[in-house]
Amino acid sequence: MRFAHIADSHLGFRQYGLYQREKDFSDVFKRNIDRIIEEKVDFVIHSGDLFHMSKPSPKTLLIFQEALLKLKENDIDVFAIAGNHDTVMRKDALPPQILSKNLGLKLISPNKPYYIYEDIFIGGSPYQSKPYRSNLIDSINLLSKEAEKYERRILILHQGIDKYIPFEFELELSDIPQNFDYYCLGHIHSRIVEDFGNGKLAYSGSTEICSKSEVSDYQKNRKGFYIVDISKKNPEIEKIDVKPKREFIIKHIDYSNLNNDISYLKEKIRNLDEKPILDITVEGGNFNRSDVYEKLINELGDLTLRIKSDLNPEQLTRDDEKVENSTLNTKDLLIKSLSEYGNEDINNLAINLLDKLSKDKIDDAKRVAKHFCTEYFS
Ligand SMILES: [Mn+2]
């Protein structure tokens, strides 16, 4: 008896405000589903954050509906819980997954906390925030008791556990009963597999790269889903790698090496199937930030989906200094007034426009605005 464990697909996530990234997330999800079908598993468990938002767009809902129907055609049942992203934080509110129930989705919720599939107990709880921790522990203990009646037991949760995220957890490892064979977890976007009790505890991780902080785990452990063989008492886990849509390249550049490193990046990008996302830091030595910014955009802009640059010269050049001093207060005010967006790109746009316009560089300002619009809205 084999099943696929998948989690944190974040369908509908328009990362960096780019429509292309929203498409990447759904393309990769579809690739994962196709691979699951190829693997001829008996069923699938999705451990939460199927959708990036609790009110997904009809288009996003449709992508999941198509995947569900495809799995159904292949006689593969799907079990799911809601994660923190697809939970409506209101009493008695329903998660968007509910819309797929009549299409056969086996949604695990407080109303229906477990299913029995052949002789396997498949139980779980949707995401609960920390203030509801004791309720969560009560429900897990009830599930643990009920599970005793069955030979094989799976527990599905979408939570942080202290051992893996010491600052943002809702559960401590010791809160979790030890009588399950497989702890089918979501929420942490890295891939984790460990022995726990007599079974295995596993986070299958996110299917796409949701933030820069996930890049190092991706480089080590890749992304995708797990296939779990639950026939034996201590389940066997096979990691199935499914490539994210595009590479995410983080590069620290010493200014003295700028030209070499730009050529290196160009060469690296030439070998990729899709335009990557670039995160560049330039440090060391003295340089003019706008010159370096322009150079990066001119040399690499067309080759990448998005460039984020962090430019830190040792000393500000006279040009930079002038801008820095004359606009210090205005800049602060600007950023303050934009804080509601919480978006670094918008802050940078405003500062960049202010810089160009205060120097009467109208054409440059137009270029900056145009570049921003192409990135965000095309
Ligand atoms: Mn998530």
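Where is isoleucine 36 found?

Modeller: Isoleucine 36 is found in helix H1. Before I go on, keep in mind that this is a predicted model: local features need pLDDT of at least 70, side-chain atom pairs count only at pLDDT 80 or more, and totals for chains, interfaces and linings use all residues. Residue numbers start from 1 along each chain as its sequence is written. Helices (H or I, at least four residues) and strands (E, at least two) are DSSP runs, numbered from the N terminus.

Isoleucine 36 is buried, with 26 other C-beta atoms within 10 Å. The cut-offs are simple: a residue with 20 or more other C-beta atoms within 10 Å of its own is buried, one with 12 or fewer is exposed, and anything in between is partly exposed, with C-beta atoms placed from the backbone. Setting aside neighbours within four places in sequence, isoleucine 36 is in contact with Ala4, Val41, Val44 and Phe225. Contact here means that the C-beta atoms of two residues, placed from the backbone, lie within 7 Å. Isoleucine 36 and isoleucine 227 are 191 residues apart along the chain, yet 8.5 Å separates their C-alpha atoms.

H1 covers residues 19-38 and packs with helix H2 (residues 58-73) at an angle of about 5°, the axes being 10 Å apart. Axes are lines fitted to C-alpha atoms, for helices over the stretch in contact, and angles run from 0 to 180 degrees between N-to-C directions. That angle makes H1 roughly parallel to H2; the label covers angles under 35 degrees, while over 145 is roughly antiparallel, 65 to 115 roughly perpendicular, and the rest oblique. On the H1 side, Ser26, Phe29, Lys30, Ile33 and Ile37 meet Ile63, Ala67, Lys70 and Leu71 in H2. Sorted by class, that contact has 6 nonpolar, 1 polar and 2 charged residues. Ala, Val, Leu, Ile, Met, Phe, Trp, Tyr, Cys and Pro count as nonpolar, Asp, Glu, Lys and Arg as charged, and the others, Gly among them, as polar.

The largest nonpolar core has 63 residues, and Val44, Ile154 and Cys184 have the most contacts inside it. Such a core is a set of buried Ala, Val, Leu, Ile, Met, Phe, Trp, Tyr and Cys residues joined through C-beta atoms within 7 Å. Cysteine 184, with neighbours within four places left out, is in contact with His5, Ile45, Ser47, Ile154, Leu155, Ile156 and Ala202. Another core lies apart from the largest one; it has 6 residues, including Leu278, Ile280, Val282 and Leu296.

Aspartate 8 lies in the loop between strand E1 (2-6) and H1. Aspartate 8 has a positive phi of about 45° although it is not a glycine, and it is buried, with 25 other C-beta atoms within 10 Å. Histidine 187, in the loop between strand E8 (182-186) and strand E9 (192-196), also isn't a glycine, and its phi is positive, near 115°. Histidine 187 is buried too, with 25 other C-beta atoms within 10 Å.

Glycine 224 sits in strand E11 (residues 224-229) and is buried, with 23 other C-beta atoms within 10 Å. Its contacts, not counting residues up to four places away in sequence, are Asn32, Thr207, Lys239, Ile240, Asp241 and Val242. Between glycine 224 and serine 9 there are 9.7 Å from C-alpha to C-alpha, with 215 residues of sequence separation.

Stepping back, the chain is divided into domain 1 (2-241) and domain 2 (248-377), bounds that come from an automatic or database domain assignment. Their centres, taken over C-alpha atoms, are 38 Å apart, and the contact takes 7 residues from domain 1 and 8 residues from domain 2. The domain 1 side of that contact divides into 4 nonpolar, 2 polar and 1 charged. Overall, the chain has 10 helices and 15 strands, and buried residues make up 35% of its 378 residues.
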